[in-house]
Amino acid sequence: MSYRYMRLMVFFDLPTLTVKDGQEYRRFQKFLVKNGFIMTQYSVYSKLVLNASQAESIKNLLKKNVPQKGLIQCLQITEQQFASIEYLAGKGQTKIIDSDSRHVEIE
């Protein structure tokens with residue numbers, strides 16, 4: 001079996017006006033983390049998957065856990081496309097490394 005790594009990205013915009021809304025927001029965010037997603041930005045999470053078949057399975061799981069209110073968007077791209085993201089930051093951002101290298105340093 002050959003693997004073609006994919007990246008599954010989830011973008012969400014959920015209301016937080018009421019206590020119930022806030023609980024649903026936190027429940028969904030915890031669901032993402034529990035299932036291996038990492039935060040890329042606020043309300044943007046991504047997960048590395050082995051292939052398109054695994055991505056479909058995870059998307060089905062996402063569909064079963066969508067909050068009643070708000071908007072959830074899912075984008076499936078190749079790992080090569082994800083690695084080509086261009087980071088644009090203001091002067092205050094100094095710890096962003098723009099590289100397709102897989103070496104990661106955590107401070």
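Strands are DSSP runs of type E with at least two residues, numbered from the N terminus. In this predicted model, strand β1 covers residues 6-13 and contains R7. Is R7 buried or exposed? The cut-off for a buried residue is a relative accessible area under 20%. R7 counts as buried because its relative accessibility is 9%.

V49 is 42 residues away from R7 in sequence, yet their C-alpha atoms are 6.0 Å apart in space. Leaving aside residues up to four places away in sequence, R7 touches I38, S46, K47, L48, L75, Q76, I77, T78, E79 and F82. Which of the side chains make polar contacts with that of R7? One partner is E79, whose side chain is joined to that of R7 by a polar contact of 3.0 Å. Another is S46, with a side-chain polar contact of 3.4 Å.

S46 deserves a separate look. This residue belongs to strand β3, and S46 is buried, since its relative accessible area is 1%. Beyond residues up to four places away in sequence, the residues that S46 touches are R7, L8, M9, G36, F37, I38, T40 and F82.

At the N-terminal end, α2 is capped by N51, a side-chain oxygen of which lies 3.2 Å from the backbone nitrogen of S53.

How are the buried residues of α2 arranged around its axis? These residues are A55, I58, K59 and L62. Viewed down the axis of α2, they fall within an arc of 105°, and so they line one face of the helix. On the face turned away from this buried side, α2 carries the exposed residues S53, K63 and K64.

What do the buried residues of α2 pack against? Their partners are β1, α1 (19-34), β3 (44-49) and β4 (71-78).

Terms used. Residues are numbered from 1 along each chain as its sequence is written. This is a predicted model: local features need pLDDT of at least 70, side-chain atom pairs count only at pLDDT 80 or more; totals for chains, interfaces and linings use all residues. Side-chain values use heavy atoms; hydrogens and water are left out. Helices (H or I, at least four residues) and strands (E, at least two) are DSSP runs, numbered from the N terminus. Buried means under 20% relative accessible area, exposed over 50%, partly exposed in between (1.4 Å probe, protein chains only). Contact means heavy atoms within 4.5 Å. A polar contact is a pair of N or O atoms within 3.5 Å; within protein, one must be able to donate a hydrogen and the other to accept it, and residues adjacent in sequence count only if both atoms are side-chain atoms. The arc is that of the directions from the helix axis to the C-beta atoms.
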